[in-house]
Amino acid sequence: MPDRDDIADHNAAVSEHPGTGSAVLGMLQWGTAGLAAPLAGIGGEHTSVPVAVLMTAGAAVSLVALLVLAQSPRP
């Protein structure tokens, strides 16, 4: 996932909407954190299984996104 500096470097290509990419990335990060925090607390204070499940699911989603979105174009 690109960070905010990478997105800022590409703002010259879309000069009509500066900062939009950074705003969308930040919104996705905060939205994901807002959804994951309550889910991690479902298991209570005495188990870390929900946190481990969320971390594993997040890694799996990231891997699938990488494999699908980062494929090089075929000539």
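Modeller: Helices here are DSSP runs of H or I with at least four residues, strands are runs of E with at least two, and both are numbered from the N terminus. Read in that way along the sequence, the chain follows the pattern α-α-α, with 3 helices and 0 strands. The model is a predicted one, in which local features need pLDDT of at least 70 and side-chain atom pairs count only at pLDDT 80 or more, while totals for chains, interfaces and linings use all residues. Residues are numbered from 1 along each chain as its sequence is written, and side-chain values use heavy atoms, with hydrogens and water left out.

A pocket is an open set of points on a 1 Å grid over the protein atoms alone, where a 1.4 Å probe fits and protein lies on both sides within 12 Å along at least five of seven lines; its lining residues have an atom within 4 Å of a point. In the largest pocket there is about 280 Å³ of space, and among the 13 residues that line this pocket, Thr32, Ala36, Leu54, Ala57 and Gly58 are the closest to its centre. Two elements each give two or more residues to the lining, namely helix 2 (20–40) and helix 3, and the largest share, 7 residues, comes from helix 2. Sorted by class, the lining of the largest pocket holds 10 nonpolar residues (Ala, Val, Leu, Ile, Met, Phe, Trp, Tyr, Cys or Pro), 3 polar ones, and no charged ones (Asp, Glu, Lys or Arg).

In the chain as a whole, buried residues make up 5% of the 75 residues.

Both residues can also be placed relative to Gly58. Thr32 and Gly58 are 26 residues apart along the chain, and their C-alpha atoms are separated by 10.0 Å. Ala36 and Gly58 lie 22 residues apart in sequence, with 9.8 Å from C-alpha to C-alpha.

Definitions and conventions: Grid points are joined across faces, edges and corners, and a volume is the space filled by probe spheres set on the points. Buried means under 20% relative accessible area, exposed over 50%, partly exposed in between (1.4 Å probe, protein chains only).
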